Amino acid sequence: MRTRPLKVALLGCGVVGSEVARIMTTHADDLAARIGAPVELAGVAVRRTGKAREGIDPALVTTDATALVKRGDIDVVVEVIGGIEPARTLITTAFEHGASVVSANKALLAQDGAALHAAAEANGKDLYYEAAVAGAIPLIRPLRESLAGDKVNRVLGIVNGTTNFILDKMDSTGAGYQEALDEATALGYAEADPTADVEGFDAAAKAAILAGIAFHTRVRLDDVYREGMTEVTAADFRSATEMGCTIKLLAICERSKDGTSVTARVHPAMIPLSHPLASVRGAYNAVFVESDAAGQLMFYGPGAGGSPTASAVLGDLVAVCRNRLSGATGPGESAYADLTVSPMGDVVTRYHISLDVADKPGVLAQVATVFAEHGVSIDTVRQQGKDGEASLVVVTHRASDAALSGTVEALRKLDTVRGVASIMRVEGE
Ligand SMILES: NC(=O)c1ccc[n+]([C@@H]2O[C@H](COP(=O)([O-])OP(=O)(O)OC[C@H]3O[C@@H](n4cnc5c(N)ncnc54)[C@H](OP(=O)(O)O)[C@@H]3O)[C@@H](O)[C@H]2O)c1
């Protein structure tokens, strides 16, 4: 074993960074044996000094992250600051000064992944980011390496623990969205400002990263259709239950049948209780991958938290250190397929539509005609009437999102349709 240590600069020492530092210390001997050289924490960059940081030598702590990455003797920079800047500049500066980079930064990778990969390649360095998608769950390496000989057609996942906790609560207790969110906040599963989670921004960033890796093409954050889950109601869950389904916020990345294009989207959807993703409870994450040769694979585990996320960061650190010692680099960006990313209108799926209608003869025929005129075939209809008003629940066969949007627009214009109470896609069948 080499005795000269590999030097690691840790950028950020919060929820994830403090756990990375702790595991680096407590597992130092095992890490050295697995890598073939000891790893040394050479510096820790933070925003504020003067804060007690358990297990960290205060002499290593600095607020000058730029000087740390420019030192020239750093082998690996671990970026766990988060956000776009200064993380982006620090990562590119690290490459220019000879270091490889491990990051957990989904927002940055989804927005600027291509440029960061190009910077890594130009400098002959590694960029690894297993922790950026679904915390501890090994997902990026399996897609990038284990499935490199296969053809992935679909990635369907629960990639946000906060929203899964809220939806699971609504499902199991009958609670409304706000009540479930309040509980998630009280238990520390939701941030004080939950927008990034509940509006699907966090999941959309992960979908962009997953789609790019799974289909060997470039998928930008703007390419991902996004719908949050704040409009999901207790009534939607009752409808889902009647259909033998539950509701999950899903990230769905699909290759078209002819293989020339892909789509990536995040939205709430009904899935059958028999689907493996339906049994993913609480704040857990799971990703279902369908490929030509392997068939169906499911990856499941904790998608966040300091220690689980640090596990993924440490796995990358070991890989990058091994590459470093052998003078090689791991796989870079693979975007050779250069596929078109199609708009949401091209997505084909099933729909559950709940309408408030007048309870009088002929309404059902009128509604059915609108569906037929837009080429959307109805699978089932359920009607419940009371005091001159009725609710009509229509479940369609597979149709394009564009056709469904046209249908809904036309339904809203019918005098007999008082309102469209909810529209939910039905997935996983
Ligand atoms: N938390 C999770 O469960 C989780 C899961 C998966 C991925 N991630 C990703 O991991 C990254 C870190 O998340 P986190 O939860 O650990 O965040 P966090 O607890 O807020 O920690 C951020 C750290 O970065 C430091 N920092 C902030 N701005 C800085 C700057 N300009 N220069 C130097 N240091 C700076 C902070 O310093 P102070 O300590 O002085 O404030 C803090 O130590 C993010 O990209 C996040 O998306 C997190």
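The questions and answers below go through the domains, the ligand and several individual residues.

Tutor: This is a predicted model, in which local features need pLDDT of at least 70 and side-chain atom pairs count only at pLDDT 80 or more, while totals for chains, interfaces and linings use all residues. Residues are numbered from 1 along each chain as its sequence is written, and side-chain values use heavy atoms, with hydrogens and water left out.

Student: Into which domains is the protein divided, and how many Å apart are the C-alpha centres of domain 1 and domain 3?

Tutor: Domain bounds come from an automatic or database domain assignment. Domain 1 consists of 6-135 + 306-326, domain 2 of 140-302, and domain 3 of 344-426. Between the C-alpha centres of domain 1 and domain 3, the separation is 51 Å.

Student: How many residues surround the ligand, and which are the closest?

Tutor: A residue is near a molecule if one of its heavy atoms lies within 4 Å of it. The ligand is surrounded by 22 residues. In this shell, 11 are nonpolar, six polar and five charged; Ala, Val, Leu, Ile, Met, Phe, Trp, Tyr, Cys and Pro count as nonpolar, Asp, Glu, Lys and Arg as charged, and the others, Gly among them, as polar. The closest are Cys13, Val15, Val16, Arg48 and Gly305.

Student: At what distance does a backbone N or O atom of Gly305 lie from an oxygen atom of the ligand?

Tutor: A polar contact is a pair of N or O atoms within 3.5 Å; within protein, one must be able to donate a hydrogen and the other to accept it, and residues adjacent in sequence count only if both atoms are side-chain atoms. A side-chain N or O atom of Arg47 is 3.0 Å from a ligand oxygen, and for a backbone N or O atom of Cys13 the distance to a ligand oxygen is 2.8 Å. For Gly305, again with a backbone N or O atom, the distance is 2.6 Å.

Student: What percentage of the ligand's accessible area does the protein cover?

Tutor: Accessible areas come from the Shrake-Rupley method with a 1.4 Å probe, and for residues only the protein chains shown count as cover. On its own, the ligand has 900 Å² of accessible area.

Student: Is Ala304 buried or exposed?

Tutor: Ala304 sits in the loop between strand S12 (295-302) and helix H12 (306-326); helices (H or I, at least four residues) and strands (E, at least two) are DSSP runs, numbered from the N terminus. Apart from neighbours within four places in sequence, Ala304 is in contact (heavy atoms within 4.5 Å) with Gly135 and Thr309. Buried means under 20% relative accessible area, exposed over 50%, and partly exposed in between, with a 1.4 Å probe and protein chains only. Because its relative accessible area is 52%, Ala304 is exposed.

Student: Which residue does a cis peptide bond join to Glu85?

Tutor: Most peptide bonds are trans. The bond here is cis, with omega about 10°.

Student: What is the phi of His216?

Tutor: Most residues other than glycine have a negative phi. His216 lies in the loop between helix H10 (201-215) and strand S8 (225-226), and it is buried because its relative accessible area is 15%. Although His216 is not a glycine, its phi is positive, at about 55°.

Student: The backbone nitrogen of which residue does the side chain of Thr217 reach?

Tutor: Thr217 also belongs to a loop, between H10 and S8, and counts as buried because its relative accessibility is 2%. Its contacts beyond four places in sequence include Gly212, Val262 and Ser334. At 2.7 Å, the side chain of Thr217 reaches the backbone nitrogen of Leu339.

Student: Why does His352 count as buried?

Tutor: His352 is placed in strand S14 (residues 348-358). Leaving aside neighbours within four places in sequence, the residues in contact with His352 include Ser239, Met270, Val394 and Ile423. His352 counts as buried because its relative accessibility is 0%.
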